[in-house]
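Work through the exercises below with the sequence and the model beside you, and try each task before you read its solution.

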Amino acid sequence: MMRMRWDPLRAWVILMVCAIQASEPAPPIRFREIASQSGISFVLENHPTDRKYMIETMPGGIAVLDYDGDGRPDIFFTNGAEIPSLEKTSRKYWNRLYRNEGDWKFRDVTEEAGVAGAGYSMGAAAADYDNDGLPDLFVAGVNRNILYHNLGHGRFEDVTAKAGIKSGDWAVAAGWFDYDRDGKVDLWVVHYAKWPPSSDRYCGDSARGLRIYCHPKYFEGLASTLYRNRGDGTFEDVTARAGLARYSGRGMSVAFADYDQDGFPDVFVTNDNMPNFLFHNKGNGTFEEVGLLSGTALRDDGKAVASMGAEFKDYDNDGLPDIAVTALAGETFPLFRNLGKGNFTDATYRSRIGPLTLKHSGWGLGLFDFNNDGWKDLFTANSHVNDRVELFEAAVYKEKNSVFANVGGVFQDVSEAAGLSLAKAHRGAAFADFNGDGRIDAVVSSLGEPAELWENVSPEPLHWLIVRLIGTKSNRDGIGARIRIGDQYNEMTTAVGYASSADWGVHFGLGNTATISKIEIRWPSGVTQVLKDIKADQVLMVTEPK
């Protein structure tokens, strides 16, 4: 919630340079909102109180997964609970699962699937942790976590206790990755801070009777937890052994990529008003924290911002995964460009994201090619933290979502033309091609109001490919695999933006390319696979060579 100083002259010079670079318009991006007509009626119940408990501001994670194996992505929403009991005392607090029945129709299958949940839920992470071909689901929450094993036939089983997953800390987000490359995905859980329900600090202007959510500085941070997958349905807490226990932060989200191309997945964790963490995977079961050393902990001005969500992807098609972050108004949405050899540079202004986001506050985000032109665009779910911010600061609480078109590594704000017209207290966002037309759609949650489902109706018929991986030596989802098509590089991950997840494969926009001459896949096992002369405009199932 801190403000950084903005140098208008510096910003103007960079803006002019970027304007020259981005003089050509991007192919149009268009969305239309169809949640109500699709059958999705979910409302995120954060249970706001006059006590202004910090947890009220932060729920909203979403997971997209094909839970029943019919080839259509389904949608899972996390939900809140009563405060201070942290119990789901009514059906309105249930987490919700909506089955995609095709033709933009969804059906609430929460009860029959057994995923209504318990406690005050925040984040969700989907992946097939037992390599049985069915995506499983982890739900992070305030002092209560849940691990669901997918039984097939549309049902899940709560296996939290017998799997060895702990509760007791305030978890915001989580993600799956195979840190030791043993073919079984492991679980990283991000914690925010120590928070007993009895906590009742007053923040704001008591003379005016203006109580607000407290600044993060009043909350003592916690370390993330790393669970190693034993392969027998149980997990081992290896946080201390991996060298992570001493790194306490106010964690918000987690993202994974092999930023130094050594074959081992690395981990980026956003922290609220603290330096972000970048954990370099040393390949021997341990990590070293290199945020400051790598240039990803802070913006160039050296000030910590309210880092929310993160995407760890290659935005400029140079073959190296970069890091995009959402933050609060006045802070910009930081963008760290990977220079190689373990170093990043602050590209927030050079990419033009800086001036375009200066007045926005963001939570969920996604780096996906929404117009299929071969460059990943940026979608952000926007809103401030404090619902009373307009009374004491030149900022707004409820905002419309944004989409920034990527033109050769420089961004243009095309939100208005894209049709993103609803101002709400947006939080989580997840992405998938829900109707099989090759265009990436978005689903967004917002506090106290109906969720949004944005159908991508971008008009230009450019080509695309979705690659779905089936590991044999690697984990079943192929999480951590690196895929190259021409100048585009993607890594298979199910971690998305803020406290959210998407388990459906890897999307490429191909522009006018109807036949792909070469696809190169480097599996987590180390196996390299090359496919040639592949037709575009399909979901391509690829099995790892044995």
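**Exercise 1: Charged side chains**

A network of salt bridges links Asp68, Asp70, Arg72, Arg99, Glu101, Arg107 and Glu112, where a salt bridge is a side-chain nitrogen of Lys or Arg within 4 Å of a carboxyl oxygen of Asp or Glu. The model is a predicted one, in which local features need pLDDT of at least 70 and side-chain atom pairs count only at pLDDT 80 or more, while totals for chains, interfaces and linings use all residues. Residues are numbered from 1 along each chain as its sequence is written, and side-chain values use heavy atoms, with hydrogens and water left out.

Task: Find how far apart the closest N and O atoms of Arg107 and Glu101 are, and then decide whether Arg337 and Asp316 are buried or exposed.

Solution. Begin with the general idea that side chains of opposite charge can pair when their charged atoms come close. In the salt bridge between Arg107 and Glu101, the closest N and O atoms are 2.8 Å apart. Arg107 has a relative accessible area of 35% and is therefore partly exposed, and Glu101, at 34%, counts as partly exposed too (buried means under 20% relative accessible area, exposed over 50%, and partly exposed in between, with a 1.4 Å probe and protein chains only). Next, turn to Arg337 and Asp316, whose side chains meet in a salt bridge at 2.5 Å, N to O. Because Arg337 lies in strand S24 (residues 335-340) and Asp316 in the loop between S22 and strand S23 (322-325), this pair ties together parts that are 21 residues apart in sequence (strands are DSSP runs of E with at least two residues, numbered from the N terminus). Both Arg337 and Asp316 are buried.

**Exercise 2: Aromatic rings**

Task: Work out which kind of aromatic pair Phe368 and Phe431 form.

Solution. Rings of Phe, Tyr and Trp (its six-membered ring) pair if their centres lie within 6.5 Å, and planes under 30 degrees apart count as stacked, over 60 as edge-to-face and the rest as tilted. By this rule there are 35 aromatic pairs. For Phe368 and Phe431, the distance from centre to centre is 5.1 Å and the angle between the planes is 35 degrees, and the pair is tilted. Phe368 belongs to strand S26 (residues 362-368) and Phe431 to strand S30 (residues 426-432), so the pair ties together parts that are 63 residues apart in sequence. Both Phe368 and Phe431 are buried. Phe431 also pairs with Phe370, and since these ring centres are 5.9 Å apart and the planes stand at 55 degrees, this pair is tilted.

**Exercise 3: Enclosed space**

Task: State which residues lie nearest the centre of the largest cavity, and which strand gives the largest share of its lining.

Solution. On a 1 Å grid over the protein atoms alone, a cavity is a set of points where a 1.4 Å probe fits but cannot get out, and lining residues have an atom within 4 Å of a point. The largest cavity holds about 190 Å³ of space, a volume being the space filled by probe spheres set on the points. Of its 18 lining residues, Lys313, Phe368, Asn490, Val506 and His507 lie nearest the centre. Strand S38 (506-511) is among the elements that give two or more residues to this lining, and S38 provides the largest share, 4 residues.

How values were computed. On a 1 Å grid over the protein atoms alone, a cavity is a set of points where a 1.4 Å probe fits but cannot get out, and a pocket is an open set with protein on both sides within 12 Å along at least five of seven lines; lining residues have an atom within 4 Å of a point.
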